[in-house]
Amino acid sequence: MKELLRGLISDALAMASEQGALELSEIPVVEVEVPRDSSHGDLSSNVAMTLARVVGKPPRAIAKIIVDCISDEGGDLAEKEIAGPGFLNFTFSNEAWRRRLLSIIEVGETYGSSGLGKGRRVQIEFVSANPTGPLHIGHGRGAATGDALARLLETAGYEVDREYYVNDAGVQITNLGRSVYARYLELHGREVQFPPDGYPGDYVIDIARRIVAEEGAAWLDREEEEAVAHMGETGGRAMLERIKEDLAAFSIRFDGFTSEKALRESGAVAEAIADLRSRGVMYEADGAEWFRSTEFGDDKDRTVVKSDGELTYFASDICYHRAKLARGYDRIVDVWGADHHGYIKRIKACLAALDCDPHAFSVVLVQIVSLTRDGRPVRMGKRSGEFVSLREIIDEVGPDLARFFFLMRKSDAQLEFDLELARRQTAENPVFYIQYAHTRIAGIFRQASERGIPEPEISAVCVSRLGNADELSLIRLLDEFPDLVEASARALEPHRVVFYAQRLAGEFHRFYARNKCVSDDRELTAARLLLVKAVKQVIGRALSMVGVSAPERM
RNA sequence: GCGCCAGUAGCUCAGUUGGAUAGAGCAUCGGCCUUCUAAGCCGGUGGUCGCAGGUUCGAGUCCUGCCUGGCGCGCCA
């Protein structure tokens, strides 16, 4: 409807300009929005106010001219008024809303999809947790966010690849190896000092047990270094498998896993560094090699090759992001824990040095989840070995609830997740509130079919009985859906979809409480069935966009 | 010290990228089942939008300075 109104206003401006009522060198972009207060009509525009300075007339006078020039041949408008400092408030005719509903139903399953992305390819990298331990609740939020972003961008017309970057090289894997080795020795009755940087979790013992079961005591006689390397590798592989299982339990799939180790061993990292050298953005100092990232907006230059010849973590990152570019993505989105925000500048710098358009790269930061149980904080952190795994959350509250809670706040705001509350409070749970709306509509259709009422055909005649306030509110909200999807995609903010779903469910429950869908009035029944069918479809779509199921029965 | 994020109702949070009288859920108080699922609906209570300036027709939103909280500032990963 926004588009429709923008057209009417633009035409009016053109006419006013032609008639000399307004002196316009060009027709400006007309902004139209849903007013907060419904007494201000269905849509309002501030053009008259923004034009005031350009045309040199008071806003209300301009508004008057525009209103007089609007030619509403289709009968779409019921009211047009000038209000306050110069707002133009419009109310559409019921007929216009009914036409809108029909067009929504005709679009069908794909309603809400858009061509915003124009089929461009975007890669979303998320989770990317080190394979040194199971996923914890923070990773869960990243997973829910990344996956929802992927779904959102797909809906907005992008072609999306989901990728997990595996940090399976370097110190942390060695530490895992040392930890497993220590447990391995313990299992063979040896007294050992557990490594100070080791991972104390029980899962490390599980890995050691597995190695004992499969390989016996063979490693007792080998060199420690060799054993540690082996156990790091085995452990990392085992952890990655477990991570994949946890993700599967969360219904999250990836199109690809890129291994840091593989990047290093293939020589790709060396190649990336050579590339930067050839671009003249590397230099040597203090025996190390640096990337001149300050030239691209970073706060300080960054070490790429240490003075002992070892590569830094950043070196792999340069390579990985360079590889993303080489794969031809039009956009790159990285979902990171907020504690990594300090890395944004250096990655941007590296991409800029590689001639990548800075707008093509975005980082979505996911803030800490503070987990509480019975109102008391649950401590987290792999170091302490005392953390709540994603798996425990899923087992406790289920994937739908977990996903929904992770997405209930914008991702860069801290989130409090109380497990007991999530479980206990099921009666007033927002997830169920939305799902219940979907279920109720399914119930309406069950009722209709029991009474032998046929699926209504889509026609103008059919919806002609719609027009009360509850019905119109629903159509208005349905109308907003495509804009909502686009805005969420543009802002990379999936939580907006959650809030929309809550609003729509609320509007439906109100409608449901006051209006009977299936009645003896066959025309009205058919009309309302069409309406709620559209509502069901959109609620279902919104839920699926955040990865939450939409049940037919509860 | 520098940088990033946040500060909105008792609590948890939205706020359509600068719009009109700042919203929702929870909590609390009071109503509503002869009706397609009451996991629901309707109403009441509740606010110095951290503080102070500035920008303009108009600021929760933008700019500056301060206050508070979280995080980050390695030849760690």
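Which element gives the most to the surface near RNA strand B? In this predicted model, local features need pLDDT of at least 70 and side-chain atom pairs count only at pLDDT 80 or more, while totals for chains, interfaces and linings use all residues; side-chain values use heavy atoms, with hydrogens and water left out. Residues are numbered from 1 along each chain as its sequence is written, and chains are lettered from A and ligands numbered from 1 in the order in which they are written.

RNA strand B is surrounded by 62 residues (near: a heavy atom within 4 Å), the closest being Tyr343, Arg409, Tyr436, Arg510 and Lys516. Helix α16 gives the most to this surface, with nine residues (helices are DSSP runs of H or I, at least four residues; strands are runs of E, at least two). By class, the surface has 25 nonpolar, 19 polar and 18 charged residues (nonpolar: Ala, Val, Leu, Ile, Met, Phe, Trp, Tyr, Cys and Pro; charged: Asp, Glu, Lys and Arg; polar: the others, Gly among them). Of the RNA atoms within 4 Å of the protein, 61% belong to sugar or phosphate. Bases are also approached by the backbone: an N or O atom of Asp286 lies 2.6 Å from a base nitrogen, and one of Cys517 lies 2.9 Å from a base nitrogen.

Turning to the sheet, three strands form an open arrangement in the order β8-β9-β10, with antiparallel pairing (at least two DSSP bridges between strands). Because β8 (282-285) and β10 (302-305) stand at the edges with a single partner strand each, one side of each is left without a neighbour in the sheet. β9 and β10 pair over three bridges, and Trp290 has Thr303 of β10 as its bridge partner.

Technical notes
Polar contact = N/O pair within 3.5 Å; in protein donor to acceptor, adjacent residues only side chain to side chain.
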